[in-house]
Amino acid sequence: MDSGDWDELRREARRLEGDLDVRLSSYAKLGAGYADARAPVSESHWKSMEMEIENLLERLLDVNEAMSRCAPAATPAAAVAQKLTRHRDILHEFTQEFKRTKGNILSMREHAELLTSVRNDINEHKASSGAQLVPSLLRERAAIHGSITQIEEVTNQADAVKGVLAAQRHTFSDIQGKVKHLSERFPVIRNLLGAIKRKKSKDTLILSAVIVACTLFLIVYWISK
């Protein structure tokens, strides 16, 4: 190989290095998209750019190896060796930058997927809890409504009984007043009521005496046996 081949290889190396610089910059910006939920990253776009960078690195490695084979024939030797070292350093820097960026992108991608999974789990839990809570609330509401209805029925019945008792008390008061009024106007009626009361008391005493006598008789009979 002559110096013309060396110059041609150097031009190809510089072109590939320029392309890699642009692609690596775009690749780094693409990786930042994983940290921004408002700008989701396409899986196909990410893979396509990754393969393109890997292809450029392989081509630049081939050119560097070809330059290494051509370097002994090129002049001046010191300048050629220095330039070859510089091209190798650039290839190494690009390779390390690609690996570092790729690792960061993978970490951010896993983090984004984890957040998405957690968010989906939370949403599913909320939806499931809400679906279970609605029937429970409806049952509780129906039970409360039924209790309120029963309370209203009992209250209405109590009010009705209260009204009946008040009417009966009023009626009894009227009857008692009328009887008292008649007894005051007609002494015969008063005497008759008094006799009835005395007769009732006398009958009560007689009945009590009979019960006591029978009881004593039974006790004596039981003892004498």
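In the predicted model, Trp6 is in contact (heavy atoms within 4.5 Å) with Met67, Cys70, Ala71, Ala74, Val80, Lys83 and Leu84, residues up to four places away in sequence not being counted. Residues are numbered from 1 along each chain as its sequence is written. The model being predicted, local features need pLDDT of at least 70, side-chain atom pairs count only at pLDDT 80 or more, and totals for chains, interfaces and linings use all residues, while side-chain values use heavy atoms, with hydrogens and water left out.

Trp6 and Ile53 have the most contacts inside the largest nonpolar core, which has 27 residues. Such a core is a set of buried Ala, Val, Leu, Ile, Met, Phe, Trp, Tyr and Cys residues joined through side-chain atoms within 4.5 Å; buried denotes under 20% relative accessible area, exposed over 50%, and partly exposed in between (1.4 Å probe, protein chains only). Two or more residues are given to this core by each of α1 (3–32), α2 (43–70) and α3 (77–185), helices being DSSP runs of H or I of at least four residues, numbered from the N terminus. The most, 10 residues, comes from α2.

Helix α1 also holds Arg10, which touches Met67, Lys83 and His87 when residues up to four places away in sequence are not counted. Arg10 is buried yet has no salt bridge, and Asp7, the nearest side chain of opposite charge, is 5.8 Å away. A salt bridge requires a side-chain nitrogen of Lys or Arg within 4 Å of a carboxyl oxygen of Asp or Glu; Lys and Arg count as positive and Asp and Glu as negative, His and the chain ends not being counted.

Cys70 is buried, at a relative accessible area of 0%, whereas Cys214 is partly exposed, at 44%. The count of disulfides (pairs of cysteine sulfur atoms within 2.5 Å) is 0.
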